[in-house]
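Good morning, colleagues. Please look at the sequence and the structure on the screen while I speak about aromatic rings and their neighbours.

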Amino acid sequence: MHGRPRSLLPVCLLACLTVETAYGQNTTDMQRETLVVQARQGGLETSIEGLKALYSQTQNTRVRADLIALQVRAGQYQEALAVCSWCQPNDFAENELANLAGAARSAGDYPKALSLFQALTYRNPGNAEGWLGRALVQTDMGNYTMADIALQQYSQVAGTTTAGLEARGYLASRTSNAMQELSARQALVEQDPANTNELQALYRLAVGLGASSAARQIMQTNPNVFSESDRLWLTYYEAVTDIRLGIHTDQPSRTRTGLAQLNNVLQITNAPPELIALAEYDKVVALAELRQFPEAEALATRLENQHGQLPTYVNRARAYALNGLGRPNQAATLYESLIQQAPEKASDPDDPLNEGLFYSYTDAQRFRDADRLLAAWRAGEPEQRWDFTRTTRIDNPNYQKILLLEILLTSWRGDAGAASERLASYQDQAPGDPYLWQIKGDLERDRGWPRKAEESYQHAEQLMPPTQRDAPRHGVLLSRLQRGQWRDTTTQIASELANARPSPTRDQLVREWRELRAPQLSSTVARSEGEGSGTQASKEWRYEVLLEGPRDENGSRAFAQRIGQYGEFEGENLYAAYTAAGYEWNLYPATVTIAAGHGAQLNNDFMARTELRYAVSDHLTTTLGVELNTPDTPLRALRDGVTADRYRGELAYRHDERGAGAIGIMATDFSDSNLRQSVYGYWDQILYHFDRWQVNGEIQAAASRNDEVEASYFNPRRDANLSGVLSLSYELPLDYRKSFTQTLSLGSGHYWQEDQNSENTWSVGYQHEWLIAPTLSIEYGISRQRAVYDGTPEYDNSISASFVWRFL
């Protein structure tokens, strides 16, 4: 009887414990649920603190799960991960794994997030949240292939969902797969047209792809989603798209459209400051591309002062503008800085920075720097490269470009002949290359062969596509201007300037046409003290002032001239002056010049002259001239009441840029019955030219015969002179088209006069030439010479000065 209760005691104790545990669990669940409801009602922080205390007391897994969920909801990611830091993934429920993995990803701990999402999918391969999380984390970590595989698994489990499309769009954006991202964004918008975030993302993507029309359609279809600021930004993006496409497709009209849109944006007074800054940066690019260089540089300077260092793409446009403004040293500094920042851009196949730097160096006459640049560039460029498929080798455009730049550099350094020979060898290999014909025309025009150049340009024009024929067409017009064929050419130039797209050749055409048409004033003054054969007298001054009017559309123009002379004879001061007006008719290939005027002081008589010049070819030119009462009549003859008429004929030959000369005959008929008959010839040759150094050699020969007339002026019965001059010049560049040149000359010769002793002659001279601007040049010099006058050697000094001033 006493044994039975004792045997039931364990059972009773177990029952009591079970009841107590169930009661405890019910109490914990009630507290947990109360805290969760409290969180839903806004007491999130209080609820989290309560769950922390409850979990600490009970270690209940449900409490832990709710605590983790609420901490993730509150953004307390590290705290959520630390709730059970000693637990293994198998200790957590699926919802806990999902929340903890999301917390780790949000905290930036991608490896931990990936391990938790993997644990979730290993436990339950059908858990879509796990596959989606794996895809997102793999994308975060840059494991794009694994992310794509995870997304495929997610699609098999969950089908097409909004979350899946968003993840696909995220992966596409990270891999710069714009078309895939566009497809995902479009699908999201189709699923939920009211999804504002996706509409805006789709808009931004369309803008980034340059699909401004699609972006504007999105904006117009959903006007309430976008603000006035968004619309203004769209206008800016449309402008930038037009500018970039205009540059890359060589359509200046589209670039102008983009520039006009930028100006519209900049006129909005309440536009965001960051938008204004970007629009002004891109405006610099557009202005430079349209060759509006002064405006581009002025804006770039202001932006640099306002914002500091300019973006790289703006500095590149600024360097281009500085070159166009004739400031090559500043441009070179910018290019060098850009290459230092991004060395790979120096040899970019589409637009290498090295090319801009090369032209900056050569414009600044830094030929050694240009040569070193080409040598280093060529060393890194193979003759051929792989095409974009990596299966076929094609000609390397940079290598071809370097070869052409080397030709130009050879010519600009002073050896145009060698440059022409090298070009001819390339043309033998590629006779149908239009750009080789274009360069051939440029070289021929530089060498003084405009007719040959025109033929080369015309050949290039025939081989080029219609959209690229501006350069050879401009070359033809420049060649015609150079040789004097103005009739009809000026009409074509006016049409070309009105319609041609901005380009270097168009700018050159504008510049040369303007300078050739411009009126100009020139003056020379010289003092000599006996110059041997042909001199009028010792101790004389002579000056000449010539004012030439603007050329008309046919290349003709009027002019006025003043010539003055001063000398001494037997203690008497002698003066003579001549004032004339005339007109130069351009009747290409002939030029007729007629002038008439009157003398003053010792020569108070009517004077006139006419000259016919005929250009037979690029090499031969003939000249015939008549001067009635010539200004070259000796002062001593005028003192004696003697005047003179002169008749002249000359045949000039120009071989190339290095050598030219002429032979001529001349008859001077004095009123005292003396007839002076002269023959002369000369040849001028560049013996050496490299960079800034040049050595010239000139040989002259002259002979005359005079009647035996009693005269006070120098009148040898017969005489002859043979002389040569060697000159060494050094040019110091001051800026673009500005220079200072020093010349040292040494001459020697032999003079023979009938009834007098033959004597040797020599001269030493030093001269300065300043090219201050395209509008102004000044020269002056002094020399010491040994001359012969009536058989008597004289050691004399000579001073000269001149200037030319163009009214541009």
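I begin with a definition: a charge sits over a ring if NZ of Lys or CZ of Arg is within 6 Å of the ring centre and within 35 degrees of the ring normal. With that in mind, please find tryptophan 486: the charged end of arginine 551 sits over its ring, 5.9 Å from the centre. Tryptophan 449 has lysine 452 over its face, at 4.3 Å from the ring centre.

A word on the basis of these values. The model is predicted, so local features need pLDDT of at least 70 and side-chain atom pairs count only at pLDDT 80 or more, while totals for chains, interfaces and linings use all residues. Residues are numbered from 1 along each chain as its sequence is written, and side-chain values use heavy atoms, with hydrogens and water left out.

Now to the chain as a whole. The protein chain has 28 helices and 18 strands; these are DSSP runs numbered from the N terminus, helices being H or I with at least four residues and strands E with at least two. Of its 808 residues, 44% count as buried, where buried means under 20% relative accessible area, exposed over 50%, and partly exposed in between, with a 1.4 Å probe and protein chains only.

Next, the aromatic pairs. Rings of Phe, Tyr and Trp (its six-membered ring) pair if their centres lie within 6.5 Å; planes under 30 degrees apart count as stacked, over 60 as edge-to-face and the rest as tilted. How many aromatic pairs does the structure hold? There are 13.

One of them joins phenylalanine 293 and tyrosine 320: the ring centres are 5.7 Å apart and the planes stand at 85 degrees, so this pair is edge-to-face. Because phenylalanine 293 belongs to helix H16 (residues 293–307) and tyrosine 320 to helix H17 (residues 312–324), the pair ties together parts that are 27 residues apart in sequence. Phenylalanine 293 is buried, at 4% relative accessible area, whereas tyrosine 320 is partly exposed, at 31%.

Phenylalanine 358 and tryptophan 412 form a stacked pair, with 6.3 Å from centre to centre and 25 degrees between the planes. Phenylalanine 358 lies in helix H19 (residues 353–363) and tryptophan 412 in helix H21 (residues 397–412), so parts 54 residues apart in sequence are tied together. Is phenylalanine 358 buried or exposed? Its relative accessibility is 0%, so phenylalanine 358 counts as buried, while tryptophan 412 is partly exposed, at 33%. Together with Tyr359, Phe358 and Trp412 form one aromatic cluster.
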